[in-house]
Amino acid sequence: MLTDPIADYLNRIRNAIKANHRIVEIPASNIKKEMTKILFDKGYILNYKFEDDKIPGIIKIALKYHPTTKLPAINELKRISKPGLRKYCKSDELPRVLNGLGVAIISTSSGLITDKEARKLKVGGEIICYVS
C-alpha cells in the first residue's frame with residue numbers, strides 16, 4: 001500500500017529518466033491521468049496511453065529526449081504538497097517555476113491545472129508539484 005501515490009508517480013518518471021528508459025509504466029488513478037495529460041500538453045513527454053484492461057489500470061508514458069544530445073525534456077520533478085504538510089496558495093500568490101519556464105501543477109476547484117491557467121482563471125489551490 002502506498003502512502004503517497006503522487007510521489008510514487010514522480011519517482012517512477014524520475015528514475016526512468018535517470019536510467020534512460022524510453023517508456024515507463026505506472027499504476028493508474030484519476031489524478032495521475034490528469035497529471036499525465038498536463039505533462040503531454042506542455043511538451044514534457046512524447047506520448048501516453050491509458051490501459052484500463054486490468055483492475056488497477058496502467059499508464060504507459062513515452063519519455064521525451066532531445067534527438068542529438070539525448071538530454072531529457074524533464075530536468076526536475078519536485079513534489080511540493082505532501083500528505084504530512086499540504087501547501088495551498090491564493091490566486092495572487094501562485095508560484096512561478098524558473099521564472100515562467102517551468103510549470104507548477106495545481107489542484108483547484110476547476111480540477112488539475114497549471115499555474116498559468118490558474119492565474120488566468122484567478123483561482124488558487126493546492127500546489128501538487130513543480131516540473132522544469
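Q: What do buried and exposed mean here?
A: Buried means under 20% relative accessible area, exposed over 50% and partly exposed in between, with a 1.4 Å probe and protein chains only. The model is predicted, so local features need pLDDT of at least 70 and side-chain atom pairs pLDDT 80 or more, while totals for chains, interfaces and linings use all residues. Residues are numbered from 1 along each chain as its sequence is written, and side-chain values use heavy atoms, without hydrogens or water.

Q: OK, so is Lys 122 buried or exposed?
A: Lys 122 has a relative accessible area of 66%, and therefore counts as exposed.

Q: What is its phi?
A: The phi of Lys 122 is near 55°, which is a positive value in a residue other than glycine. As background, most residues other than glycine have a negative phi.

Q: And Asn 20, what's the phi there?
A: Asn 20 is not a glycine either, yet has a positive phi of about 60°. Asn 20 is in the loop between α1 and β1, and with a relative accessibility of 52% Asn 20 is classed as exposed.

Q: Switching to the helices, at what angle do α1 and α2 cross?
A: The axes of α1 (residues 5–18) and α2 (residues 30–41) cross at roughly 40° and come within 10 Å of each other. Those axes are lines fitted to C-alpha atoms, for helices over the stretch in contact, and the angle is taken between N-to-C directions on a scale from 0 to 180 degrees.

Q: Which residues make that contact?
A: From α1 the contact uses Pro 5, Ile 6, Tyr 9, Leu 10 and Ile 13, and from α2 Ile 31, Lys 32, Met 35, Thr 36 and Leu 39 (contact being heavy atoms within 4.5 Å).

Q: Thr 36, then: buried or exposed?
A: Thr 36 is buried, at 0% relative accessibility, and lies in helix α2. Apart from neighbours within four places in sequence, Thr 36 is in contact with Tyr 9, Ile 45, Tyr 48, Phe 50, Ile 59 and Ile 61.

Q: How many residues are in the largest nonpolar core?
A: The largest nonpolar core has 26 residues, and those with the most contacts inside it are Ile 13, Met 35, Ile 61, Leu 63 and Ile 105. Such a core is a set of buried Ala, Val, Leu, Ile, Met, Phe, Trp, Tyr and Cys residues joined through side-chain atoms within 4.5 Å.

Q: What does Ile 105 touch?
A: Leaving out neighbours within four places in sequence, Ile 105 contacts Met 35, Ile 38, Leu 112, Ile 113, Glu 126, Ile 127, Ile 128, Cys 129 and Val 131. There is also a second, separate core of eight residues, Cys 89, Leu 94, Ile 106 and Ala 118 among them.

Q: And where is Leu 63?
A: Leu 63 is in strand β3 and counts as buried at 3% relative accessibility. The C-alpha atoms of Leu 63 and Ile 17 are separated by 7.5 Å, although these residues are 46 apart along the chain. Not counting residues up to four places away in sequence, Leu 63 touches Ile 13, Ala 16, Ile 17, His 21, Arg 22, Val 24, Ile 45 and Leu 46.

Definitions and conventions
Helix = DSSP H or I, 4+ residues; strand = E, 2+ residues; numbered from the N terminus.
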